[in-house]
Amino acid sequence: MKQLETAETTRTRLVTIPAGIWALGFVSLLMDVSSEMIHALLPVYLVTVMGASMVTVGTIEGIAEATAAITKVFSGALSDWLGKRKLLAVIGYGLAALTKPVFPLASSIGWLVAARFVDRVGKGIRGAPRDALVADIAPADARGASFGLRQALDTVGAFVGPLLAIGLMWLTANQFRTVFWVAVVPGLLAVVLLVTAVREPARPTGLREVRAPLSLPELKRLGSSFWLVVGVATVFTLARFSEAFLILRAQGMGLPIGLVPLVLVVMNVVYSLSAYPAGALSDRVNRLTMLILGFLILIAADIVLAFPGNLAGAALGVGLWGLHLGLTQGLLATLVADTAPPELRGTAFGMFNLSTGLALLAASLLAGTLWDFFGPRMTFLAGAGFTALALLGLGLVRWLTPTLGQDAKAPAAVVTPTITGSAG
């Protein structure tokens, strides 16, 4: 009976999530199909076709993500200043869609670096305004579920893309560029859906206007709870180097080139299945407790991947990596929405992503260097060490702000009013 009640509650919460959240989730799904069809093959393409080193792979991945993170600061602040989110999201998704054809046309590593750079600029432009738009549309008592749903749909695209890449690699006898061309189509569809199906909610009456979102007084308004969340997330990101290294780890254990996208499939299936339940559960229990569990799972994943022994061990490690993502990524975004004032949500997500993006750059560079000089085992053990440091930081946050994450309806730092909206 309890299981039936739980299932019924889950269905009810899914139905009550606003249509705008669903539409944004499917926009993310389509763009991730497009992106992951390329990214699932890109590390192997760089190493085996272009002759790139592991340090080069790490540098490209790190620069790409750091570029997105830096851009998010300005786009998020701009969305607060304008009081508009959707316009910037459309520009960001549109830019990413238009740059997809560069990947099959690239004739050198330089072109691929440029393509990744511009693609990530698009991601940076759309990221913070889209997350702030989710927070604006979602009811306060279903915020975790809303972020979890969008993340789950996004991640469905992240494993559908690699599956399509596998099938196309088999059908075309490993023709990388053909797969890259097919990836252009879902990217364009994502932009069409965003333009036609997402309606931005009206700005609430009486909400304070923000004239200089990145000024010191406004950044102080974000509050100490927000900055504590950012600090822990930054240290945690040092352990979350690019998933390109998971692909290369599996390939080194004997996985055929044509099947390497299975790494992202396994990771993202687990990620997708766990993201919404984790978000929905966080609306009823302490979010920090769930984050602690996610951090512990990443430590376990790193240890398993450091000593895999065979492909079965590598698969277990990749699955644990996906589970930790499901338990942490949506929750960290939810905590940002919980702690930031409504009029500064774009800026808050921008600062959050800047900090974690720069940490990801450092993590990817460090991972590539450790791999080249000491082997893959040291790369994953270093990840476990950074996660342990982040876990200590999370314990400190819980001690300093004991009410943070306890009540989704009334966050500790800021009591956030319900802002509702719908998709057209």
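**Helix contacts and buried residues**

Guide: In this predicted model, α16 and α17 make a right-handed crossing.

Visitor: Which residues of α16 and α17 meet?
Guide: L332, A333, V336 and A337 in α16 are in contact with R345, A348, F349 and F352 in α17. By class, this contact has 7 nonpolar residues, 1 charged residue and no polar residues.

Visitor: Why is α12 called roughly antiparallel to α16?
Guide: Helix α12, residues 224–237, packs against helix α16, residues 311–339, at an angle of about 155°. The label requires an angle over 145 degrees, and the angle of about 155° therefore makes α12 roughly antiparallel to α16. The axes of these helices are 9 Å apart, and the crossing is left-handed.

Visitor: Which residues bring α12 and α16 together?
Guide: From α12 come S225, F226, V229, A233 and F236. Their counterparts in α16 are H324, T328, Q329, L332, L335, V336 and T339. This contact of α12 with α16 comprises 7 nonpolar and 5 polar residues, with no charged ones.

Visitor: How do you know that G317 is buried?
Guide: G317 lies in helix α16. Buried means under 20% relative accessible area; G317 has 0% relative accessibility and therefore counts as buried. Leaving aside residues up to four places away in sequence, G317 touches A301, V304 and L305. The C-alpha atoms of G317 and L246 are 9.0 Å apart, although 71 residues separate the two in sequence.

Visitor: What makes M31 count as buried?
Guide: The same criterion, under 20%, applies to M31, whose relative accessibility is 1%, so this residue counts as buried. M31 belongs to helix α2, residues 19–39. With residues up to four places away in sequence not counted, M31 touches Y93, A96, A97, K100, R126, G187 and A190. M31 and G157 are 126 residues apart along the chain, with 7.4 Å between their C-alpha atoms.

Visitor: Why are α15 and α18 called roughly antiparallel to each other?
Guide: The axes of helix α15, residues 287–306, and helix α18, residues 376–400, cross at roughly 165° and come within 8 Å. Since the label applies over 145 degrees, α15 and α18 are roughly antiparallel to each other. The crossing of α15 past α18 is left-handed.

Visitor: Which residues take part in the contact of α15 with α18?
Guide: Among them are L288, I292, F295, I299 and D302 in α15, and R377, F380, A384, L391 and R398 in α18. By class, the contact has 17 nonpolar, 3 polar and 3 charged residues.

Visitor: What is the secondary structure of the protein chain?
Guide: The chain has 18 helices and 0 strands. Of its 424 residues, 58% are buried. Among contacts between residues at least 6 apart in sequence, 87% join residues at least 24 apart. The accessible surface comes to about 16,000 Å², with 70% belonging to carbon and sulfur atoms.

How values were computed:
Residues numbered from 1 in each chain as written. Predicted model: local features only at pLDDT ≥ 70, side-chain atom pairs only at ≥ 80, totals over all residues. Heavy atoms only, no water. Axes fitted to C-alpha atoms, helices over the stretch in contact; angles between N-to-C directions. Helix = DSSP H or I, 4+ residues; strand = E, 2+ residues; numbered from the N terminus. Parallel < 35°, antiparallel > 145°, perpendicular 65-115°, else oblique. Left-handed = near helix turned anticlockwise from the far one by under 90°. Contact = heavy atoms within 4.5 Å. Nonpolar A, V, L, I, M, F, W, Y, C, P; charged D, E, K, R; others polar. Buried < 20%, exposed > 50% of the residue type's maximum accessible area, 1.4 Å probe, protein only. Areas by Shrake-Rupley, 256 points an atom, 1.4 Å probe, with all protein chains shown as cover.
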